[in-house]
Amino acid sequence: MVYPSYPPQPSEKEESFINDTIIDWSLGNGLAMLTPEGKGVTAVHAPVTVYPSPFPRSGFESALNVQTTFNELYANVSDNTEWLTEALKDVTVLDHDFTGKLYESYVKAKEIGITQPLSLGIFRSDYIVNEDGSKTNEEDSVSIKQVEFNTVSVSFGSLSSKVSQLHTYLADSDTYGPSAEFLKGKTAISKSIDGLADGLAVAYKEYAKNNVLVSGYSKQVVLFIVQPGERNVFDQRHIEYSLYNNYGITSYRVTLDNVRLETKLLETNGVQKLIYTPTNAEVSVVYYRSGYAPTDYPTEEEWDARVYLETSHAIKSPTLLTQLSGAKKIQQILTDKETIRKFLPNSTPQNLEQLLATFVDLYPMDTSPNGLIARKLAQEQPEKFVLKPQREGGGNNVYKENIPGFLKTLPEEQWGAYILMELIKPPEFKNKILRAGEIYFGGVISELGVFGTILWDSSNSKILHNEQVGWLLRSKLQSSNEGGVAAGFGCIDSVYLF
Ligand code: ADP
Ligand code: MG
């Protein structure tokens, strides 16, 4: 597929007008992050591309179309405790400190009692466009391939909505000028702020239907579990504001280490209602924007808070089992067709094909027959692969030539904690990135994330709501291997569909 020549070339004067407009628009509309040194009162515009990046329309539409099938797949996986336990058997031992602790927390909660049958998934499936040089047919030579499926604390739903509005504004208001005339009508707006809030609202209403407000308490609310010192707060706040503006639902924020201080459990009709004590409100939905990395649990206190919340009657997004079903190990096992079929008995063959078409090769690194093949590939052709541990949040992977040396530093018994994934080869084009007021120009590659929300009842596997709720494009300068926006090497982007 031929990518359009990019980016547009405005005059110097036009360019500085565009950049100034981006900064004002971003700060004016909350496309922003707190600064590290700003003591929580100073914000900076989020790092963004100046132009939306070219993205093939067919790949974009396939990614959106397949989202509800993926939602259902992961809901069904997290409901099958026996299967999940068996699938994670080795990594809970090998990665005892994190995957193991998550599983152990589930077991503890189960012993105490898990009473809430409803589960809310707020998911994001990430893709990179793959250019397959071996195919000559133009249509066939580009496809989207899944990088990973995220089941906990998915971020950038709000900032992606905002950046897509920004790029659309710049195109439609003629701010880009004559050199970018062709972008008019070719941008798209992600509805992810309201879409994510809608998911939370559906769970909230379902809880309200099944639970009368505990007498003596003010109202039912949503509780965001957040990281201390979070800089990406506006990405979370926009969802909170949407919940309030569209549904009149109030949210509160608490860090894991403060959960025990600011909430209590109140036994009512045989279940433990979660109460947010500063305002005497009943929590109907617990929404995690923390808890996905070992650093979120510096002491046993945070693990204890996680178990405690799991045993409360509030609906969790996600439950421990849903979080565990997003492990890289599960993604690897789920590339098997028969396994997928078993988890999606009601999907049409077309749906299944669409989903399977997004997979690249993924191998275990254990001593199974496929694991032994992977061990050989990792030594002999490392340039084709990325090695991943059971971690989320960026910065954990080992790439290409670094793989053999890295494996040497580990005892072989530990290798099974990793998966080996075929590298996706994205097309490169040029764009400009605006970060803290500075322009960076160069080759960029992009990763599309599609958001989904699903509410289901694990007592009877009934799905009450299942939606695709918008998307995110993140781009990075070609020189960096990973695209963590908040971590400093990537930026938020939107699509120019061609
Ligand atoms: P994390 O859970 O840390 O976000 P990911 O699996 O998303 O882990 O990997 C982090 C980043 O590494 C991705 O955003 C992408 O830029 C890059 N990456 C991961 N897997 C691949 C792959 N198979 N091919 C190319 N790049 C990849
Ligand atoms: Mg990722």
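Reader: What should I know before I start?

Author: This is a predicted model, where local features need pLDDT of at least 70, side-chain atom pairs count only at pLDDT 80 or more, and totals for chains, interfaces and linings use all residues. Residues are numbered from 1 along each chain as its sequence is written, chains are lettered from A and ligands numbered from 1 in the order in which they are written, and side-chain values use heavy atoms, leaving out hydrogens and water.

Reader: Which residues come nearest to ligand 1?

Author: A residue is near a molecule if one of its heavy atoms lies within 4 Å of it. Around ligand 1 there are 20 residues, and Lys388, Gly394, Tyr399, Glu447 and Lys476 come nearest.

Reader: Which side chains have a polar atom close to an oxygen atom of ligand 1?

Author: A polar contact is a pair of N or O atoms within 3.5 Å. Among them here, Glu447 has a side-chain N or O atom 2.6 Å from a ligand 1 oxygen, Glu148 has one at 2.8 Å, and Asn397 has a polar side-chain atom at 2.9 Å. The protein covers 93% of the 540 Å² of accessible area that ligand 1 has on its own (Shrake-Rupley method, 1.4 Å probe).

Reader: Is Trp471 buried or exposed?

Author: Buried means under 20% relative accessible area, exposed over 50%, and partly exposed in between (1.4 Å probe, protein chains only). Trp471 counts as buried because its relative accessibility is 3%. Trp471 belongs to strand E19, residues 462-477; strands are DSSP runs of at least two residues, numbered from the N terminus.

Notes
Helix = DSSP H or I, 4+ residues; strand = E, 2+ residues; numbered from the N terminus. Polar contact = N/O pair within 3.5 Å; in protein donor to acceptor, adjacent residues only side chain to side chain.
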